[in-house]
Amino acid sequence: MKILKPILYFSIFNHPLKLEEIYSFSDHENRNDFDCEIEQALASGIITKTDSYYHINLTSEHIKRRETGNRNAVKALGTAQKKAHFISSWFPFVEAVAISGSLSKGYFDSKSDIDYFIIVKPEHLWTCRTFLVAYKKLFLFNSRKYFCMNYFITADNLEIEEKNRFTATEIATLVPLHGKEMLTAFFEQNRWVTDYFPNHQKKDAEIKPVVKKRIVRAVENLLSGSFGKKVEKMTFTTTFSFWKVKFEKKLASEFSIAFKSSKRVSKHHPSNFQKRVIDALNRKYEELYTAHNIQLTKEHV
(Lines give C-alpha, C1' and ligand atoms only; values in the text may rest on other atoms or scores of the structure.)
Protein backbone atom coordinates (compact mmCIF):
# COMPACT_ATOMS: atom_id res chain seq x y z
CA MET A 1 0.00 0.00 0.00
CA LYS A 2 1.70 3.14 -1.25
CA ILE A 3 -0.46 5.42 0.89
CA LEU A 4 1.12 4.07 4.07
CA LYS A 5 4.60 5.45 3.52
CA PRO A 6 3.65 9.14 3.86
CA ILE A 7 1.28 8.42 6.75
CA LEU A 8 3.97 6.48 8.61
CA TYR A 9 6.66 9.05 7.81
CA PHE A 10 4.71 11.94 9.30
CA SER A 11 3.54 9.79 12.21
CA ILE A 12 7.16 9.91 13.43
CA PHE A 13 6.41 13.55 14.23
CA ASN A 14 2.90 12.75 15.55
CA HIS A 15 1.57 14.67 12.56
CA PRO A 16 -1.76 13.45 11.07
CA LEU A 17 -2.30 14.17 7.37
CA LYS A 18 -5.19 15.39 5.26
CA LEU A 19 -6.17 13.42 2.19
CA GLU A 20 -4.49 15.73 -0.33
CA GLU A 21 -1.31 15.75 1.74
CA ILE A 22 -1.15 11.96 1.62
CA TYR A 23 -1.59 12.05 -2.13
CA SER A 24 1.05 14.76 -2.47
CA PHE A 25 3.63 12.64 -0.63
CA SER A 26 2.73 9.30 -2.21
CA ASP A 27 4.13 7.85 -5.41
CA HIS A 28 0.73 6.87 -6.83
CA GLU A 29 0.40 7.51 -10.54
CA ASN A 30 -3.35 7.00 -10.64
CA ARG A 31 -5.78 8.90 -8.41
CA ASN A 32 -8.40 6.15 -8.58
CA ASP A 33 -5.88 3.62 -7.29
CA PHE A 34 -4.96 6.03 -4.51
CA ASP A 35 -8.61 6.50 -3.46
CA CYS A 36 -9.17 2.74 -3.50
CA GLU A 37 -6.16 2.16 -1.24
CA ILE A 38 -7.42 4.77 1.22
CA GLU A 39 -10.82 3.09 1.43
CA GLN A 40 -9.25 -0.35 1.74
CA ALA A 41 -6.90 0.77 4.52
CA LEU A 42 -9.80 2.39 6.41
CA ALA A 43 -12.03 -0.66 6.03
CA SER A 44 -9.22 -2.96 7.23
CA GLY A 45 -8.51 -0.83 10.27
CA ILE A 46 -4.94 -0.13 9.16
CA ILE A 47 -5.49 3.62 9.26
CA THR A 48 -8.02 5.81 11.03
CA LYS A 49 -9.83 8.95 9.96
CA THR A 50 -10.58 11.61 12.58
CA ASP A 51 -12.39 14.66 11.23
CA SER A 52 -10.43 15.45 8.03
CA TYR A 53 -7.20 13.77 9.21
CA TYR A 54 -5.82 10.30 8.48
CA HIS A 55 -3.38 8.60 10.83
CA ILE A 56 -2.14 5.46 12.53
CA ASN A 57 -2.39 5.28 16.34
CA LEU A 58 -2.67 9.02 16.91
CA THR A 59 -5.22 10.77 19.13
CA SER A 60 -7.43 13.84 19.11
CA GLU A 61 -4.72 15.59 21.13
CA HIS A 62 -2.30 15.14 18.24
CA ILE A 63 -4.86 16.71 15.91
CA LYS A 64 -5.33 19.68 18.24
CA ARG A 65 -1.57 19.99 18.48
CA ARG A 66 -1.25 20.05 14.70
CA GLU A 67 -3.99 22.68 14.28
CA THR A 68 -2.40 24.88 16.95
CA GLY A 69 0.98 24.43 15.26
CA ASN A 70 -0.54 25.41 11.92
CA ARG A 71 -1.87 28.64 13.40
CA ASN A 72 1.47 29.40 15.07
CA ALA A 73 3.25 28.83 11.77
CA VAL A 74 1.43 31.72 10.11
CA LYS A 75 2.94 34.19 12.58
CA ALA A 76 6.34 32.46 12.61
CA LEU A 77 6.54 32.60 8.81
CA GLY A 78 6.21 36.37 8.95
CA THR A 79 9.19 36.48 11.33
CA ALA A 80 11.12 34.07 9.10
CA GLN A 81 10.54 36.24 6.04
CA LYS A 82 11.99 39.27 7.84
CA LYS A 83 15.00 37.28 9.03
CA ALA A 84 15.56 35.85 5.55
CA HIS A 85 15.58 39.36 4.11
CA PHE A 86 18.10 40.37 6.77
CA ILE A 87 20.32 37.37 5.96
CA SER A 88 20.24 37.94 2.22
CA SER A 89 20.91 41.69 2.51
CA TRP A 90 23.42 41.97 5.34
CA PHE A 91 25.68 38.90 5.04
CA PRO A 92 28.36 38.47 2.38
CA PHE A 93 28.18 35.83 -0.35
CA VAL A 94 24.58 34.73 0.34
CA GLU A 95 22.98 33.86 -3.01
CA ALA A 96 19.62 32.45 -1.86
CA VAL A 97 17.63 31.74 1.31
CA ALA A 98 14.78 29.28 1.91
CA ILE A 99 12.95 27.96 4.96
CA SER A 100 13.23 24.28 5.87
CA GLY A 101 12.34 22.18 8.93
CA SER A 102 8.95 22.07 10.62
CA LEU A 103 7.97 25.60 9.60
CA SER A 104 8.28 24.64 5.93
CA LYS A 105 5.60 22.00 6.61
CA GLY A 106 3.32 24.66 8.10
CA TYR A 107 3.96 23.76 11.74
CA PHE A 108 5.56 25.70 14.60
CA ASP A 109 5.47 25.25 18.38
CA SER A 110 7.46 26.17 21.48
CA LYS A 111 10.12 23.56 20.66
CA SER A 112 10.49 24.52 17.00
CA ASP A 113 13.33 26.49 15.44
CA ILE A 114 13.21 28.50 12.23
CA ASP A 115 15.62 26.62 9.98
CA TYR A 116 17.28 28.35 7.02
CA PHE A 117 18.65 26.62 3.94
CA ILE A 118 21.27 28.91 2.39
CA ILE A 119 22.99 28.87 -1.01
CA VAL A 120 26.35 30.62 -1.02
CA LYS A 121 28.74 31.93 -3.65
CA PRO A 122 31.40 29.29 -4.52
CA GLU A 123 34.68 29.45 -2.57
CA HIS A 124 33.09 31.47 0.23
CA LEU A 125 30.80 29.06 2.10
CA TRP A 126 32.71 28.89 5.38
CA THR A 127 33.39 32.62 5.43
CA CYS A 128 29.68 33.30 5.00
CA ARG A 129 28.76 30.74 7.63
CA THR A 130 31.23 32.23 10.11
CA PHE A 131 29.70 35.71 9.72
CA LEU A 132 26.22 34.28 10.39
CA VAL A 133 27.32 32.19 13.37
CA ALA A 134 29.22 35.13 14.84
CA TYR A 135 26.12 37.31 14.58
CA LYS A 136 24.01 34.64 16.29
CA LYS A 137 26.48 34.22 19.14
CA LEU A 138 27.19 37.91 19.69
CA PHE A 139 23.80 39.51 19.15
CA LEU A 140 21.31 36.68 19.74
CA PHE A 141 23.21 35.06 22.62
CA ASN A 142 23.44 31.88 20.53
CA SER A 143 19.66 31.46 20.40
CA ARG A 144 18.53 29.11 17.62
CA LYS A 145 14.81 29.83 17.89
CA TYR A 146 14.53 32.27 15.01
CA PHE A 147 18.02 31.98 13.53
CA CYS A 148 18.98 28.34 12.97
CA MET A 149 21.31 27.72 10.01
CA ASN A 150 22.21 24.07 9.67
CA TYR A 151 22.57 23.56 5.92
CA PHE A 152 24.68 25.51 3.43
CA ILE A 153 25.59 24.62 -0.14
CA THR A 154 27.44 26.53 -2.84
CA ALA A 155 25.92 27.71 -6.12
CA ASP A 156 28.10 25.26 -8.08
CA ASN A 157 26.93 22.28 -6.00
CA LEU A 158 23.14 22.39 -6.13
CA GLU A 159 22.33 18.67 -6.38
CA ILE A 160 21.85 17.05 -2.96
CA GLU A 161 24.00 13.94 -2.75
CA GLU A 162 21.92 11.95 -0.24
CA LYS A 163 18.80 10.87 -2.08
CA ASN A 164 16.27 9.36 0.31
CA ARG A 165 12.78 9.95 1.67
CA PHE A 166 14.02 12.36 4.33
CA THR A 167 15.97 14.64 1.96
CA ALA A 168 13.22 14.40 -0.68
CA THR A 169 10.67 15.59 1.88
CA GLU A 170 12.90 18.47 2.97
CA ILE A 171 13.47 19.61 -0.61
CA ALA A 172 9.82 19.24 -1.61
CA THR A 173 8.66 21.36 1.32
CA LEU A 174 11.29 24.12 1.15
CA VAL A 175 9.79 27.61 1.24
CA PRO A 176 11.87 29.72 -1.17
CA LEU A 177 12.18 33.37 -0.11
CA HIS A 178 15.18 35.13 -1.68
CA GLY A 179 17.20 34.42 -4.83
CA LYS A 180 14.73 33.27 -7.47
CA GLU A 181 17.21 32.34 -10.18
CA MET A 182 19.39 30.32 -7.83
CA LEU A 183 16.48 28.53 -6.14
CA THR A 184 14.90 27.72 -9.50
CA ALA A 185 18.18 26.14 -10.55
CA PHE A 186 18.33 24.24 -7.24
CA PHE A 187 14.90 22.66 -7.75
CA GLU A 188 15.81 21.82 -11.34
CA GLN A 189 19.01 20.08 -10.20
CA ASN A 190 17.00 18.02 -7.72
CA ARG A 191 14.24 16.76 -9.96
CA TRP A 192 14.97 13.27 -8.59
CA VAL A 193 12.55 14.26 -5.80
CA THR A 194 9.70 13.51 -8.23
CA ASP A 195 10.72 9.83 -8.09
CA TYR A 196 9.46 9.91 -4.50
CA PHE A 197 6.63 12.43 -4.89
CA PRO A 198 5.38 12.61 -8.51
CA ASN A 199 2.18 14.32 -7.36
CA HIS A 200 3.75 17.03 -5.23
CA GLN A 201 3.15 20.56 -6.47
CA LYS A 202 5.13 23.39 -4.94
CA LYS A 203 2.98 26.30 -3.87
CA ASP A 204 3.42 29.52 -5.80
CA ALA A 205 5.63 31.84 -3.81
CA GLU A 206 6.98 35.31 -4.38
CA ILE A 207 10.74 34.88 -4.35
CA LYS A 208 12.41 38.22 -3.76
CA PRO A 209 15.78 39.20 -5.20
CA VAL A 210 18.96 39.29 -3.15
CA VAL A 211 19.89 42.95 -2.77
CA LYS A 212 23.11 43.54 -0.83
CA LYS A 213 23.79 46.56 1.33
CA ARG A 214 26.68 48.72 0.10
CA ILE A 215 28.91 47.82 3.04
CA VAL A 216 28.31 44.11 2.39
CA ARG A 217 29.37 44.50 -1.24
CA ALA A 218 32.53 46.20 0.02
CA VAL A 219 33.26 43.24 2.32
CA GLU A 220 32.69 40.84 -0.58
CA ASN A 221 35.17 42.79 -2.71
CA LEU A 222 37.71 42.74 0.12
CA LEU A 223 37.39 38.96 0.48
CA SER A 224 37.33 38.09 -3.22
CA GLY A 225 41.10 37.85 -3.74
CA SER A 226 43.96 35.92 -2.16
CA PHE A 227 43.16 37.32 1.28
CA GLY A 228 39.62 35.93 0.98
CA LYS A 229 40.98 32.49 0.09
CA LYS A 230 43.08 32.50 3.26
CA VAL A 231 40.06 33.52 5.34
CA GLU A 232 37.95 30.77 3.75
CA LYS A 233 40.59 28.11 4.48
CA MET A 234 41.00 29.33 8.05
CA THR A 235 37.26 29.38 8.81
CA PHE A 236 36.77 25.89 7.37
CA THR A 237 39.74 24.38 9.22
CA THR A 238 38.81 25.99 12.52
CA THR A 239 35.13 25.02 12.38
CA PHE A 240 35.68 21.45 11.24
CA SER A 241 38.44 20.87 13.81
CA PHE A 242 36.09 22.07 16.56
CA TRP A 243 33.34 19.73 15.36
CA LYS A 244 35.71 16.76 15.27
CA VAL A 245 36.86 17.34 18.83
CA LYS A 246 33.33 17.84 20.14
CA PHE A 247 31.31 15.28 18.17
CA GLU A 248 33.41 12.69 16.27
CA LYS A 249 33.89 10.31 19.21
CA LYS A 250 30.21 10.57 20.16
CA LEU A 251 28.89 9.88 16.66
CA ALA A 252 31.67 7.55 15.45
CA SER A 253 30.81 6.24 11.95
CA GLU A 254 27.83 8.61 11.69
CA PHE A 255 29.98 11.74 11.96
CA SER A 256 30.54 12.13 8.21
CA ILE A 257 26.78 12.17 7.57
CA ALA A 258 25.77 14.36 10.50
CA PHE A 259 28.58 16.84 9.80
CA LYS A 260 28.91 16.71 6.04
CA SER A 261 31.61 19.28 5.36
CA SER A 262 33.64 20.32 2.34
CA LYS A 263 34.36 23.44 0.32
CA ARG A 264 30.88 23.16 -1.21
CA VAL A 265 28.61 21.95 1.59
CA SER A 266 28.11 22.38 5.33
CA LYS A 267 25.57 20.30 7.20
CA HIS A 268 25.50 20.60 10.97
CA HIS A 269 23.23 18.01 12.66
CA PRO A 270 24.82 16.96 15.99
CA SER A 271 22.06 14.43 16.70
CA ASN A 272 22.24 13.00 13.14
CA PHE A 273 18.55 13.75 12.73
CA GLN A 274 18.33 12.30 9.22
CA LYS A 275 19.47 8.85 10.33
CA ARG A 276 17.23 8.92 13.39
CA VAL A 277 14.19 9.63 11.22
CA ILE A 278 15.03 6.93 8.66
CA ASP A 279 15.67 4.37 11.42
CA ALA A 280 12.37 5.27 13.11
CA LEU A 281 10.52 4.92 9.80
CA ASN A 282 12.00 1.49 9.14
CA ARG A 283 10.91 0.38 12.61
CA LYS A 284 7.38 1.49 11.76
CA TYR A 285 7.54 -0.58 8.58
CA GLU A 286 8.49 -3.60 10.71
CA GLU A 287 5.60 -2.95 13.11
CA LEU A 288 3.23 -2.70 10.15
CA TYR A 289 4.42 -6.06 8.84
CA THR A 290 3.95 -7.67 12.25
CA ALA A 291 0.46 -6.25 12.72
CA HIS A 292 -0.93 -6.52 9.17
CA ASN A 293 1.50 -8.64 7.14
CA ILE A 294 2.14 -5.68 4.81
CA GLN A 295 5.76 -5.35 3.71
CA LEU A 296 7.11 -1.98 2.60
CA THR A 297 10.53 -1.48 1.03
CA LYS A 298 12.90 -0.15 3.66
CA GLU A 299 14.42 3.31 3.39
CA HIS A 300 18.13 4.16 3.34
CA VAL A 301 20.21 7.08 4.54
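Modeller: Ala, Val, Leu, Ile, Met, Phe, Trp, Tyr, Cys and Pro count as nonpolar, Asp, Glu, Lys and Arg as charged, and the others as polar. Keep that in mind. This is a predicted model.

Biologist: Let's start with a pocket. What volume does the second largest pocket have?

Modeller: Rolling a probe the size of a water molecule over the atoms shows where empty space is left. Here, the second largest pocket has a volume of about 870 Å³. It has 34 lining residues, and Ser 104, Gly 106, Thr 173, Val 175 and Lys 203 are the closest to its centre.

Biologist: Which element gives the most to the lining of the second largest pocket?

Modeller: That is α4, with seven residues. Elements that give two or more include α2 (19–24), α5 (101–104) and β7 (175–178). By class, the lining has 13 nonpolar, twelve polar and nine charged residues.

Biologist: Now the sheet. What is the order of the three strands in the open sheet?

Modeller: Strands of a sheet pair through backbone hydrogen bonds, either parallel or antiparallel. This open sheet runs β1-β3-β2, with antiparallel pairing. β1 (17–18) and β2 (48–50) each have a single partner strand, so one side of each lacks a neighbour in the sheet. Three bridges join β2 to β3 (residues 53–55). Thr 48 has His 55 of β3 as its bridge partner.

Biologist: Last, the helices. At what angle do α1 and α7 pack?

Modeller: The angle is about 85°, and the axes are 12 Å apart. Angles of 65 to 115 degrees count as roughly perpendicular, so α1 is roughly perpendicular to α7. Lys 5, Tyr 9 and Phe 10 of α1 meet Arg 165, Phe 166 and Thr 169 of α7. By class, this contact has three nonpolar, one polar and two charged residues.

Methods. Residues are numbered from 1 along each chain as its sequence is written. This is a predicted model: local features need pLDDT of at least 70, side-chain atom pairs count only at pLDDT 80 or more; totals for chains, interfaces and linings use all residues. Side-chain values use heavy atoms; hydrogens and water are left out. On a 1 Å grid over the protein atoms alone, a cavity is a set of points where a 1.4 Å probe fits but cannot get out, and a pocket is an open set with protein on both sides within 12 Å along at least five of seven lines; lining residues have an atom within 4 Å of a point. Grid points are joined across faces, edges and corners, and a volume is the space filled by probe spheres set on the points. Helices (H or I, at least four residues) and strands (E, at least two) are DSSP runs, numbered from the N terminus. Two strands pair if DSSP finds at least two bridges between them. Axes are lines fitted to C-alpha atoms, for helices over the stretch in contact, and angles run from 0 to 180 degrees between N-to-C directions. Angles under 35 degrees count as roughly parallel, over 145 as roughly antiparallel, 65 to 115 as roughly perpendicular and the rest as oblique. Contact means heavy atoms within 4.5 Å.
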